[in-house]
Amino acid sequence: MIEFHLDGRSGVSPYQQIVQQVRNALRLGLLLEGDQLPTVKDVVAALAINPNTVLKAYRELEHEGLVQARPGRGTFVTRTLTDNTLAAHGPLRQDLRRWLAKARKAGLDDESIEALFLTTFRSAAQEDIA
């Protein structure tokens, strides 16, 4: 079962962080059709957030057709976002882990690593568009 984590420094609202974490798990094959999301009560207890925040996230995911609430039973995944690139994820994840280890060995902290990755990612995306 997925465990949610919130980053108070991200500037992204808690409900959007939950939605994005579910989408990422669906995209990476970590959540499959039929899997149950944590109950609202469990998420509230784990993250110390308002139940309405979790409900809002789950409603958005339901509106997108990704999950379905079953009264008295919970919220379940109804479809995934995986595609034919899923097989490539394992080797790419290993490459990324090696890169992260190099970055840490070079003395970069988490914020510097994230900044370097995001600016490089955005730059490469712009080059691909041009």
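UniProt, in an unreviewed entry, lists residues 12-80 as "domain: HTH gntR-type"; such annotations may be inferred rather than shown by experiment. The model is predicted, with pLDDT of at least 70 needed for local features and 80 or more for side-chain atom pairs, while totals for chains, interfaces and linings use all residues. Residues are numbered from 1 along each chain as its sequence is written, and side-chain values use heavy atoms, without hydrogens and water.

Over residues 12-80 the chain is 51% helix and 12% strand; helices (H or I, at least four residues) and strands (E, at least two) are DSSP runs numbered from the N terminus. The end C-alpha atoms of that stretch are 23 Å apart.

Next, the core. The largest nonpolar core has 20 residues. By nonpolar core I mean buried Ala, Val, Leu, Ile, Met, Phe, Trp, Tyr and Cys residues joined through side-chain atoms within 4.5 Å, where buried is under 20% relative accessible area (1.4 Å probe, protein chains only). Phe-4, Ile-18, Leu-31, Leu-37, Val-43, Tyr-58 and Leu-61 touch the most other members. Helices H1 (14-27), H2 (40-47) and H3 (51-63) each supply at least two core residues, and H1 gives the most, six.

Now the helix pair. H2 and H3 pack at an angle of about 125°, axes 9 Å apart; the axes are lines fitted to C-alpha atoms over the stretch in contact, and angles run from 0 to 180 degrees between N-to-C directions. H2 is therefore oblique to H3, oblique being whatever is left after under 35 degrees (roughly parallel), over 145 (roughly antiparallel) and 65 to 115 (roughly perpendicular). In the contact (heavy atoms within 4.5 Å), Val-40, Val-43 and Val-44 of H2 meet Pro-51, Val-54, Leu-55 and Tyr-58 of H3.

Technical notes:
Buried < 20%, exposed > 50% of the residue type's maximum accessible area, 1.4 Å probe, protein only.
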